[in-house]
Amino acid sequence: MGSISLTIDGRTVEVEEGKTVLQAAREAGITIPTICDHKDLNPYGSCRMCVVEIDGVRGYPTSCTTPAVQGMQVTTTSERLTTLRNRTLELMFSGHPNSCLVCPHREACEKYRPKATKAARSTRCGFCANREECDLRTMALKGGSRDLYLPTLYASYNLERDDPFMDRDYNLCVLCGRCSRICEKIHGKPAISIINRGKWARIGTAFHKSHVHSGCTFCGACIDICPTGTLTDRFARWQGKPEAEVPSTCIICSEGCSVIAQSKGGQSMANIMTGFNPEASLCALGRFGYAQIVNSSQRLLHPLVREGEDHIPSDWEGAIQAAIEGLQVCVGATALVISATTTREDRFLYTQLAEHLQATLLILPAEAANDDPQIREMVGAVQQGKIRGLLTNGDFLSADLLRAANFSLVIDCLPSTTTSLASIVLPAAVLSETGGTFRTAVGTVKQMAASSRAPGDARPEWQILCDLGQALGSAAFDFSRIEAVTPLVSDDPAPAAIDGDPRQNVRELIPRFRGHLLADIVPALAAFGLPATEVAAVEAVTGAGFAILEKREIVPNMHFFKIRAPQVAKFAQPGQFVILMARETSERSPFTLVDWNGPEGWITVVIEEVGRSSRELASLKAGERIAHVSGPLGLPFPIEKKGTVLLGGGCYGIGAIFPLARALRQAGNRVICTIEASSAYLLFFEEEFRAVSDQLILATKDGSRGVWGGVQEVLAQVAQEETLDQFIAIGCTFMMRMVCEASRPLGIPTFVALNPIMVDGTGMCGACRVSVGDQTRFACIDGPIFDGHSVDWDELALRRSAYAREEVQALSQTVDLSALIYKPESDSCGCGRK
Amino acid sequence: MIQMPVQNKNNLEHILAEYGRERDNLIPLLQEVQEHLQYLSPEAIRLVADHLDLSENDVYGVATFYTQFRFIPPGLHHVRVCQGTACHVRGSDMILDAISRTTGIEPGETSEDGKFSLERVACFGSCALAPVVVLDDKVYGRMTAAKTKKIIEDKK
């Protein structure tokens, strides 16, 4: 094809014929903003951000769909185009939560809260897992206008988590179609499509089936191409932007797919495809399961040496010494049972070790179980005492086999029956924790990269084998780097191909990893029919606990509960809180009492869904029971006649200031209440507050209702008009800190309800320790309400974020398998009702 | 004895056979299937998708774009209420409301006993007769809430 020349912004640009105006501009280094465009997708022209002016062409054509023509005169930047693009962006933002962009406190908030809050549904940037990588946000903050005149029409879709690996929040979707287009490109028949029309248009599946049944293969391409936070990997969702992306190889099965390993802080986050094309496709295990195996909370961390009935944690030196003592006794009568889920180097060293020990070496295919024919053949030899020593790197040896052997050594990453009966257990670094090479079923040798840190004392197998070999006195194990082993490996056979193609059909995933059932490690895999070890169900105690009389999601993420708890209701006073546990196994979490009725025996609370415990509570329905309600806890707030009192509540704090407002007014005060939310649709309890206050002032961070800003702006306004004798603020730590800074120079006595991490709530554990003035206080028994001007906010923020990583890890483990059961439409009469 | 042919509603073979496997046939095919079944069932969507070698999700996406396609079976009596400009200014809202209250269903639904289904339509082109209600293809003009209630009650 020939080349053509055109003029873009006064510059002559030479491009190959057939290129679009957008491509021509990019080649010339001219940036045109885009959302729906992606280098690996065909032009689509839906977002209208890439509009340009072309001489002689009417209107403003989209540069992504306009072919470049010889002699074309293109303008990419003009006042008119900027206005058009800003209006387009504004239209997109009218359906995409945006309050953080126009919030007057954005800079301070982002500095103070560098990580987004783990909300269920995203209602703003600060509640969005994709904040660091959002194309829309970047565009708005970069050049675009931040003046948004159109109201936000929050779609209020439920967070969709009816598949094992994705959290899908269509409240953030701008319908760029990148996800369904990449799905079609990679799989031919897409598992998702744009359904419905007009304002009901959205990405979905036929008849709203779960992705488990819509033909989705869980390659994750849609997540990786989504420009917003709509589609996220549930496991990695709240971990933030990956710090490193390294090309590597997945060795879970003999396919040995090439991957890009993403990690952060030495922790594996996910494997993504090496490119957006069908050849680079990954299976659900390679894409999603991998990081969950590596990060499993069950990982073996320390070498274990058997002493009688017990496994005693040991250092490596001691464990290696014990291991060679065991192996030396069994020379000539040992079998090595090794999973093929290892690097070529590891297998080479296992072979060397087998030779040194004059042992039998069995290499098992990746999907092998403990009934593999090779193992069955060996049983006789063990029973006859011909084989006395066993060495394995997975869950392959039955209890009988292990009991029949004199000595057994397991080098593995996860606990199993095999490890529980072994003489010695050595923890291995696996998958993304080790380098080396892998030969795939088609014979290609691929490079692996160590992209994450092994947990505890775990070491790569090659290193363990070298330590063993050297301790056994062999000279053939003198390696300090895995790269030194690689050149010695040659003529290793290609492993057999697996049955089926899990990249095309998620139900053909291999069921095991080193003999362990994968669904035991990644429970959500059971949704694809992968077998798991049956665990005896914990019997629910019926009739126990506290009945939920009423439960509503009053605004997105904010759940109102009315609970039957007569003893709490009888003694409750304003300012006190309760500790709730959704289930017997849940964490204890504190919530301020909103209302109560002693004679009727009920209490109410407002719970914001921002983590595991609150999600467990939020998933309960009216009629169900909360396992535990302890309270009333904390000191009641002294209700006195002060004169004029201002109460400010934000988010869950809106509920918390309600009983204080009512009591203070009953005590004869003039009560002014102000409630803040990031946008108008997130305000609640307006009517309730009008009934208990002399004046109610609304505030929103995007100015969509009431005062533009928050409680601090209202405080400044009110303080100019009248004298305030008392000020109480309840909300997130950031909000309380900001309002205290605002009230300090005004000299208004200020009280805040602190929210540190709390465990027992009775002053025993000290987790809720806070510094107020020069004193150390416990929020649970000395508070929760303290003098806001004396609080050490930095310490509070630090202590609150102490378990940030664990909180994120706890989230991804909760998968409701019952939600995955597909209910065919034919079960209903077809009338569209339940 | 003469064997009566078994009419299987879900058997769409005869319809599918009339159409080639080109993607262009999607909408005419969906229209004919709907004419046959009165609605598009999940099974019908699947068969159409298979016939044209498309994804069910795409077929559903196309079908849900057009208001002419329905995904739940209509009732024995199908009620359509015009919501066009002329009908709107002459109170079609109240008519729709009256039908909802009489039948217990909202637009787009079919009553549990399968007797009625309700649909809102943008315009029938009979603006002179506004407000218009169409019950089982019979046009009723200059309707009131009371008159509409009566024609519904008569079909109960």
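Mentor: What follows is a walk through a predicted model, term by term.

Trainee: What makes chain A and chain B partners in contact?

Mentor: The test is C-beta atoms within 7 Å. By that test, 19 residues of chain A are in contact with 17 residues of chain B. By class, the chain A side has eight nonpolar, seven polar and four charged residues. The predictor gives the complex an ipTM of 0.84 and a pTM of 0.88.

Trainee: How do you know where the domains of chain A lie?

Mentor: The bounds come from a domain assignment, automatic or from a database. For chain A it gives domain 1 (166-294), domain 2 (304-488), domain 3 (546-633) and domain 4 (644-753).

Trainee: What makes domain 3 and domain 4 of chain A touch?

Mentor: Contacts again. 12 residues of domain 3 of chain A are in contact with 12 residues of domain 4 of chain A. On the domain 3 side, the elements giving two or more residues are strand S24 (546-555), strand S27 (589-597) and strand S28 (602-608) of chain A. S27(A) gives the most, with four residues. By class, the domain 3 side has eight nonpolar, two polar and two charged residues. The centres of the two domains, taken over C-alpha atoms, are 23 Å apart.

Trainee: Which strands make up the open sheet of seven strands in chain A?

Mentor: The order is S34-S33-S32-S31-S35-S36-S39, with mixed pairing.

Trainee: Why are strand S34 and strand S39 of chain A called edge strands?

Mentor: S34 (707-708) and S39 (785-787) of chain A each pair on one side only.

Trainee: How do you know that S31 and S35 of chain A pair?

Mentor: Pairing needs at least two bridges. Strand S31 (residues 644-650) and strand S35 (residues 726-730) of chain A have five bridges, in the parallel sense. So the pair passes the test of at least two.

Trainee: Which helices lie across strands S31 and S35 of chain A?

Mentor: Take helix H19 (residues 658-666) of chain A. It lies across S31, strand S32 (670-677) and S35 of chain A. H19 runs at about 165° to S32(A). Then take helix H22 (residues 733-743) of chain A. It lies across S31, S35 and strand S36 (750-753) of chain A. H22 runs at about 175° to S36(A). The scale for these angles goes from 0 to 180 degrees between N-to-C directions.

Trainee: What holds the strands of a sheet together in general?

Mentor: Strands of a sheet pair through backbone hydrogen bonds, parallel or antiparallel.

Trainee: What is the order of the open sheet of four strands in chain A?

Mentor: S2-S1-S4-S3, and the pairing is mixed.

Trainee: Why do strand S2 and strand S3 of chain A stand at the edges?

Mentor: S2 (11-16) and S3 (53-54) of chain A each have a single partner strand, so one side of each is left without a neighbour in the sheet.

Trainee: How many bridges join S1 and S4 of chain A?

Mentor: Two bridges join strand S1 (residues 3-8) to strand S4 (residues 73-75) of chain A, and the strands run parallel. The cut-off is at least two bridges, so this counts as a pair. In S4(A), A:Val74 is the bridge partner of A:Ile8.

Trainee: Is the pair S37 and S38 of chain A parallel or antiparallel?

Mentor: Strand S37 (residues 769-772) and strand S38 (residues 775-778) of chain A pair in the antiparallel sense over four bridges. A:Val770 has A:Arg777 as its bridge partner in S38(A). The hairpin has two residues between the strands, and A:Gly773 takes a positive phi near 65°.

Trainee: Now chain B. What is its make-up of helices and strands?

Mentor: Chain B has seven helices and four strands. Along the sequence the pattern is α-α-α-α-β-α-α-β-β-β-α. Its domain assignment gives domain 1 (13-65) and domain 2 (77-155). Their centres, over C-alpha atoms, are 29 Å apart.

Trainee: What share of chain B is buried?

Mentor: Buried means 20 or more other C-beta atoms within 10 Å. Of the 156 residues in chain B, 31% are buried.

Trainee: Where does pLDDT stay under 50 in chain B?

Mentor: Over residues 1-7, for which the model has zero contacts beyond four places in sequence. Chain B averages a pLDDT of 88, and 94% of the residues score at least 70.

Methods. Residues are numbered from 1 along each chain as its sequence is written. Chains are lettered from A and ligands numbered from 1 in the order in which they are written. This is a predicted model: local features need pLDDT of at least 70, side-chain atom pairs count only at pLDDT 80 or more; totals for chains, interfaces and linings use all residues. Two residues are in contact if their C-beta atoms, placed from the backbone, lie within 7 Å. Ala, Val, Leu, Ile, Met, Phe, Trp, Tyr, Cys and Pro count as nonpolar, Asp, Glu, Lys and Arg as charged, and the others, Gly among them, as polar. A residue is buried if 20 or more other C-beta atoms lie within 10 Å of its own, exposed if 12 or fewer, and partly exposed in between; C-beta atoms are placed from the backbone. pLDDT is the predictor's confidence in each residue, from 0 to 100.
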